[in-house]
Amino acid sequence: FNFTEATSITTSAGQLTIDGAGGVVINEDGDDEDFRVEANSNANSLVIDAGSFGGVGSIGLGNGVVTTAYLRIAPIAITSTADASYAAVRVAPVGVTVPSGTSPVVSSLHVVEPVISATGTVTVAATVYIQNAPTEGTNDYALFVDAGATRLDGTLTASGGGALTGTWSDLGPVTTIDINGAVAMDGAIT
């Protein structure tokens, strides 16, 4: 440990207390020393593997790290609360105040394209990749937008024999689908 200010460290009943640290640095020398936090029944609630990815390190939440992702969120099997929704990750900000002026984008999640330097071949590159949809529900979706407008700027490609369906009866007798850009469709529109 490296502390940035005068510090007192005490232990009591198996608990470690650090007061007045101002800041705490773990593994200041950058050695290949891993860090792990356990929960009641999960030995890998938080895992930091200092040596993975050539010393860049990687993080595991709920499970160990893997060699295919910098951050892995993979909780062990759990029992959800009855009659309640469940999510492995929930982004629920408490609010943001926008001062005078303009904030071009305010969002709960902002994902930026990966920076890829490939000497080999990349078959599929995606900013967000959804591997599959669940199959256990009454209704199963790989992506579900429950409310609000959905905007896609760019090309929309639907393939794999899927169908584009929708009900626009609430729009009145005239229904318009405004497509501003290219649409490639391999499937049915109903």
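Student: Hey, which residue does Glu 38 form a salt bridge with?

Tutor: Glu 38 pairs up with Arg 36, and their closest N and O atoms are 2.6 Å apart. Keep in mind that this is a predicted model.

Student: How many salt bridges does the structure hold?

Tutor: Two. Besides the one with Glu 38, there's a salt bridge between the side chains of Arg 151 and Asp 153, at 2.8 Å from N to O.

Student: Are Arg 151 and Asp 153 buried or exposed?

Tutor: Both Arg 151 and Asp 153 are exposed.

Student: New topic! Where's Ser 58?

Tutor: Ser 58 sits in strand 7, which covers residues 58-61. Ser 58 is buried, since its relative accessible area is 1%.

Student: So what's around Ser 58?

Tutor: Beyond its sequence neighbours within four places, Ser 58 contacts several residues, including Val 47, Phe 53 and Tyr 70.

Student: Which residues of strand 7 are on the covered face, and which on the uncovered one?

Tutor: Ser 58 and Gly 60 are on the covered face, while Ile 59 and Leu 61 are on the uncovered one. In a regular strand, side chains alternate between the two faces of the sheet.

Student: And which strands does strand 7 pair with?

Tutor: Strand 6 pairs with strand 7 in the antiparallel sense, over four bridges, with Val 47 partnering Gly 60. Strand 8 pairs with strand 7 in the parallel sense, over three bridges, and there Leu 71 stands opposite Ile 59.

Methods
Residues are numbered from 1 along each chain as its sequence is written. This is a predicted model: local features need pLDDT of at least 70, side-chain atom pairs count only at pLDDT 80 or more; totals for chains, interfaces and linings use all residues. Side-chain values use heavy atoms; hydrogens and water are left out. Helices (H or I, at least four residues) and strands (E, at least two) are DSSP runs, numbered from the N terminus. Buried means under 20% relative accessible area, exposed over 50%, partly exposed in between (1.4 Å probe, protein chains only). Contact means heavy atoms within 4.5 Å. A salt bridge is a side-chain nitrogen of Lys or Arg within 4 Å of a carboxyl oxygen of Asp or Glu. Two strands pair if DSSP finds at least two bridges between them.
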